[in-house]
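Please read them with the sequence and the coordinates open beside you.

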Amino acid sequence: MGHYLPDRVVTNAEFEASVDTSDEWIRARTGIEQRHFAAEGQTTSDLARRAAEAALENAGLKADDIDAIVLATSTADLTFPSAATMVQHALGMTRGFAFDVQAVCAGFVYALTNANALIVSGQAERILVIGAETFSRIMDWSDRTTCVLFGDGAGALILEAQEGQGSSADRGILATDLNSDGRHRDILYVDGGVSTQSTGHLRMQGKEVFRHAVEKLAKTAETALARAGLGHDDIDWIVPHQANLRIITATAKKLNHPMDRVIVTVQDHGNTSAASIPLALSVGSAEGRIKQGDLLVTEAIGGGLAWGSVVLRW
Ligand code: UT7
């Protein structure tokens with residue numbers, strides 16, 4: 001694992017000068033205390049490259065040891081090429097393949113699921129799976145209901161093929177569950193894009209998204225757990241998408257799981273969309289909380305709506 005956060009830390013109090021909000025409201029309603037914003041000119045692929053370098057160093061690997069890069073983002077540097085190929089080049093990786101996955105806040109769960117499928121089908125043995133975002137670029141700074149929620153950052157994980165026993169005691173990805181429902185487009189979207197010829201800003205009906213999150217996240221986690229032949233009691237750590245502490249708490253409660261066994265980083269990073277789970281995994285493992293052999297459940301929901309869960313043994 002590795003991660004990277006841009007240097008600039010923005011506290012809740014900084015928003016009080018520009019919109020009608022307060023540190024107290026943001027903490028109480030979301031759990032967020034601060035977030036990081038990319039510097040001018042710093043792009044998603046820059047953040048992703050730094051996280052990837054940290055993961056490679058951590059694993060004792062070189063870029064050419066990697067067969068593929070799967071990068072989850074909704075805020076790629078350019079319309080094309082993919083941010084993943086930019087990272088491939090920046091790392092000096094001269095073989096293999098790289099592509100982006102776009103499933104907004106569920107992006108890392110989708111990317112992990114795709115990377116696992118590539119490994120299981122024998123198309124790659126080592127894959128760098130990255131979540132990286134610069135959501136600060138798509139904020140409407142006059143909209144207090146969204147601009148205080150999001151941050152920038154990147155996290156990277158290296159998946160490697162290994163023979164296992166085919167049981168839930170194996171390390172690695174044990175089961176996954178992906179879902180989407182395009183009928184809910186209007187509750188979380190960006191009002192611009194290539195074919196509408198603008199970048200656009202994030203628009204969200206927060207209460208509605210909240211309602212779907214609380215209903216869907218525990219369900220997708222339970223589906224993935226059942227596919228792995230496991231139940232609530234087998235979970236060592238929940239590593240959730242970090243959008244709102246109240247959603248994280250409600251989901252843990254539904255899974256009958258204590259909050260001291262949930263990795264929570266939302267207070268420090270805000271909502272970093274596809275980067276939030278790999279950031280939390282990286283922080284949790286760097287702090288020595290997540291240990292080899294632990295059973296982890298990740299879950300996320302975002303624009304689409306798209307949501308899902310991955311059950312893995314560390
Ligand atoms: O990662 C992608 C998925 N996204 C999410 O999971 C986000 C899900 N939604 C949420 O996290 C929450 O719905 C929010 C944090 C966005 C909002 O919290 P809420 O408890 O649902 O608040 P609300 O939208 O019901 O708003 C309550 C009040 C409203 O005022 P009135 O109408 O009661 O007078 C809002 O206008 O709070 C007001 N409000 C604010 N007040 C101060 C909304 N944003 C702010 C703000 N500062 N920044």
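**Notes on the model**

1. Glutamate 215 is found in helix 6, where helices (H or I, at least four residues) and strands (E, at least two) are DSSP runs numbered from the N terminus. With a relative accessible area of 35%, glutamate 215 is partly exposed; buried means under 20% relative accessible area, exposed over 50%, and partly exposed in between, for a 1.4 Å probe and protein chains only. Glutamate 215 and glycine 155 are 60 residues apart in sequence and, from C-alpha to C-alpha, 27 Å apart in space.

2. A word on the basis of these comments: this is a predicted model, in which local features need pLDDT of at least 70 and side-chain atom pairs count only at pLDDT 80 or more, whereas totals for chains, interfaces and linings use all residues. Residues are numbered from 1 along each chain as its sequence is written, and side-chain values use heavy atoms, with hydrogens and water left out.

3. How do helix 2 and helix 3 cross? The axes of helix 2 (residues 44-59) and helix 3 (residues 83-91) come within 9 Å and cross at roughly 55°, the axes being lines fitted to C-alpha atoms, for helices over the stretch in contact, with angles from 0 to 180 degrees between N-to-C directions. The two helices are therefore oblique to each other, since angles under 35 degrees count as roughly parallel, over 145 as roughly antiparallel, 65 to 115 as roughly perpendicular and the rest as oblique.

4. In the contact between these helices (heavy atoms within 4.5 Å), Ser45, Ala48, Arg49, Ala52, Glu53 and Leu56 in helix 2 meet Ala83, Met86, Val87, Ala90 and Leu91 in helix 3. By class, this contact has eight nonpolar, one polar and two charged residues; Ala, Val, Leu, Ile, Met, Phe, Trp, Tyr, Cys and Pro count as nonpolar, Asp, Glu, Lys and Arg as charged, and the others, Gly among them, as polar.

5. Some backbone geometry deserves a check, because most residues other than glycine have a negative phi, and most peptide bonds are trans. A cis peptide bond joins phenylalanine 80 and proline 81, with omega about 0°, and proline 81 lies in the loop between strand 4 (68-72) and helix 3. Another cis peptide bond joins glycine 304 and leucine 305, with omega about -10°, and leucine 305 lies in the loop between strand 12 and strand 13.

6. Two residues other than glycine have a positive phi: glutamine 197, near 60°, and serine 273, near 55°. Glutamine 197, in the loop between strand 9 (188-190) and strand 10 (202-204), is exposed, with a relative accessible area of 75%. Serine 273, in the loop between helix 8 (266-269) and helix 9, counts as buried at 1% relative accessibility.
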